[in-house]
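Okay, thanks for coming, everyone. I've got one chain to walk you through today, so let me put it on the screen.

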Amino acid sequence: MLTSVNAELLRVLADPLRLRIVCLLARESLCTTHLVEETGARQTNLSNHLRVLREAGVVETEPCGRFTYYRLRPAALADLATFFGGLADGGHEGSVARRPCG
């Protein structure tokens, strides 16, 4: 079932740059400098997107000296993965099931 939390998370991840950030952070923790290099986005733009991801609970921060590293919170995506897995399973079953027309 699509909950309001999942719907909000889908909205957050629908932005191409935010999705790119999440994909990068799935491989390793990165600071803003790394993310600027990887995405080509401006630092202020990245900071705004990182704030949205942080507020949605998708990423968390870890201070390291004068830098802040960002890392993915896999648990934040687990419910969404389960939701889509259920859709995929239902899709296979749904291809056989058919509602009769009136």
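I'll start with the overall layout and then go through a few residues one by one.

First thing to keep in mind: this is a predicted model. So, what is in the chain? We have five helices and three strands. If you read from the N terminus, the order goes α-α-β-α-α-β-β-α. Now, the chain is more spread out than a compact globule, because its radius of gyration is 18 Å, and that is well over the 13 Å the globule rule gives for 102 residues. You can see that in the box as well: along the principal axes, the C-alpha atoms fill roughly 65 × 20 × 20 Å.

How much of the chain is buried? Of the 102 residues, 27% are buried. The accessible surface comes to about 7,000 Å², and carbon and sulfur atoms account for 55% of that. On contacts, if you take those with a separation of 6 or more, 51% are between residues 24 or more positions apart. And for charge, I get 12 positive and 11 negative side chains, with the centres of the two sets 5 Å apart.

Okay, on to the residues. Let's begin with Val12, which sits in helix H1, residues 4–13. Buried or exposed? Val12 has a relative accessibility of 1%, so it counts as buried, the cut-off being under 20%. And which residues does Val12 touch, once you set aside its neighbours within four places in sequence? Those would be Arg18, Val52, Leu53 and Ala56. While we're on Val12, have a look at His49 too: the two are 37 residues apart along the chain, and their C-alpha atoms are separated by 9.1 Å.

One of those contacts of Val12 was Ala56, so let's go there next. Ala56 is in the loop between helix H4 (43–55) and strand E2 (59–64). With a relative accessible area of 33%, Ala56 is partly exposed. From Ala56 to Leu72 you go 16 residues in sequence, and in space that is 12 Å, C-alpha to C-alpha.

Thr3 is another partly exposed one, at 34% relative accessibility. Thr3 and Asn45 are 42 residues apart in sequence, and their C-alpha atoms are 29 Å apart in space.

Last stop, the aromatics. How many aromatic pairs are there? The count comes to one. That pair is Phe83 with Phe84, and the arrangement is edge-to-face, with 5.3 Å centre to centre and 65 degrees between the planes. The edge-to-face label applies because the angle is over 60 degrees. As for the two partners, Phe83 is buried, with a relative accessible area of 14%, whereas Phe84 is partly exposed at 41%. The cut-off for buried is under 20%, so Phe83 falls inside it.

That's what I have for today. Happy to go back to any of these on the screen.

Technical notes: Residues numbered from 1 in each chain as written. Predicted model: local features only at pLDDT ≥ 70, side-chain atom pairs only at ≥ 80, totals over all residues. Heavy atoms only, no water. Helix = DSSP H or I, 4+ residues; strand = E, 2+ residues; numbered from the N terminus. Rg over C-alpha atoms; globule rule 2.2 N^0.38 Å. Buried < 20%, exposed > 50% of the residue type's maximum accessible area, 1.4 Å probe, protein only. Contact = heavy atoms within 4.5 Å. Areas by Shrake-Rupley, 256 points an atom, 1.4 Å probe, with all protein chains shown as cover. Lys, Arg positive; Asp, Glu negative; His and termini not counted. Charge placed at Lys NZ, Arg CZ, Asp CG, Glu CD. Phe/Tyr/Trp six-rings, centres within 6.5 Å; stacked < 30°, edge-to-face > 60°.
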